[in-house]
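Hi everyone, thanks for making time this morning. I'd like to walk you through one structure, so let me put it up.

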Amino acid sequence: MKDYLKLDRVTIGYRNRAHTSLVLTDLSLNLHQGEIAALLGQSGCGKSTLLRTIAGFEPLIAGTIYLNGRIICSSTKYEPPEKRNIGYMFQDFALFPHLSAEKNIAFGLNRLSRTKRQQQTHHMLELVGLTAFADCLPNELSGGQQQRVALARALAPQPDLLLLDEPFSSLDSETTERLIPEIRKILLENGCTTFMVTHSKKEAHAMSDRMGLLEDGKITQWSQQTADPSRVLAACA
Ligand SMILES: Nc1ncnc2c1ncn2[C@@H]1O[C@H](COP(=O)(O)OP(=O)(O)OP(=O)(O)O)[C@@H](O)[C@H]1O
Ligand SMILES: [Mg+2]
């Protein structure tokens, strides 16, 4: 199977006035096309930093990131975020405050015809159980409802690579348990490669085919075995 996302000896840190503080050092991982992977780690270990770097919002200090065989980030090359076709669900949701839930979800669907855009938006609203809240602004929604809008917005354009930052952290366990198999089904049907970060072992297990552990700036475990996607898809049906 082909690697769709590959990180090769990546080092990331933040440059302050006087010095650079390293967050992740010499980190390598690979993800096959269509796989759903989860990286587990404690608060502050660098999960969001890693996702932001893959998406193109933070620079690398060393190493190389490959997407579908091409270099998107290295010490000499940088492809801007809009060229990467990566869907990103931010940890703080980052919804547009002046747009309704429906318009937030429809935002990335400009390439579709009006009818298709409406269909896809309504399908996503239904998936996350927010059809009745379509016209609400983000500040009229609860934290969990905002998180579901953010998830629907990231899923809607069916990106090649989807990055999910703590996608279920504000949801109750019942909603999470209902959403995970439905989201897995959509991702597997669309062949969407997905990389999720979380501090919840339970969510990581339920959501992913491949799991890793991030500790002290390094990946200490990264499972090489991946579940057979067709079997997983059958199990979700
Ligand atoms: N913009 C920034 N400038 C400087 N340091 C930062 C910045 N953003 C994050 N950090 C530091 O980088 C480290 C990793 O932060 P990050 O947000 O990636 O952790 P995380 O694993 O996502 O944590 P959480 O589970 O709480 O979301 C922390 O020590 C944090 O203080
Ligand atoms: Mg984080």
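Let me start with a question: how many bridges join β3 to strand β9, and in which sense do the two run? Five bridges join β3 to β9 (residues 210–215), and the two strands run parallel. Two strands pair if DSSP finds at least two bridges between them.

Before I go on, a word on where this comes from. This is a predicted model, where local features need pLDDT of at least 70 and side-chain atom pairs count only at pLDDT 80 or more, while totals for chains, interfaces and linings use all residues. Residues are numbered from 1 along each chain as its sequence is written, and chains are lettered from A and ligands numbered from 1 in the order in which they are written.

Now the overall picture. The protein chain has seven helices and 10 strands. Its radius of gyration, taken over C-alpha atoms, is 18 Å, close to the 18 Å that the globule rule gives for 237 residues, so the chain is as compact as a globular protein of that length. That rule is 2.2 Å times the number of residues to the power 0.38. Of the 237 residues, 38% count as buried. Buried means 20 or more other C-beta atoms within 10 Å of the residue's own, exposed means 12 or fewer, and partly exposed is in between, with C-beta atoms placed from the backbone.

Back to β3, residues 36–41. Six of its six residues are buried, so the strand is largely enclosed by the rest of the structure. Ile36, Ala38 and Leu40 point one way, while Ala37, Leu39 and Gly41 point the other way. On the β9 side, Ala38 stands opposite Met211. β3 also pairs with β8 (residues 193–198), in the parallel sense over five bridges, and there Leu40 has Thr198 as its bridge partner.

Let's follow the pairing along. β8 and β7 pair in the parallel sense over five bridges, with Leu162 opposite Thr194. Strand β7 (residues 161–165) has five of five residues buried, so it too is largely enclosed by the rest of the structure. Leu161, Leu163 and Asp165 are on one side of β7, with Leu162 and Leu164 on the other. β7 is joined to β6 (residues 86–89) by four bridges, again running parallel, and Tyr88 has Leu163 as its bridge partner.

Next, helix α1, residues 47–55. Which of its residues are buried? They are Lys47, Leu50, Leu51, Thr53 and Ile54. These cover an arc of only 160° around the axis, going by the directions from the helix axis to the C-beta atoms, which puts them on the same side of α1. After the helix comes Gly56, with a positive phi near 105°.

Among the residues around ligand 1, each with its C-beta atom, placed from the backbone, within 6 Å, are Gly41, Lys47, Gln91 and His199. 

One last stop: Asp216, in the loop between β9 and β10 (218–222), has a positive phi near 50° without being a glycine. Thanks, and I'm happy to take questions!
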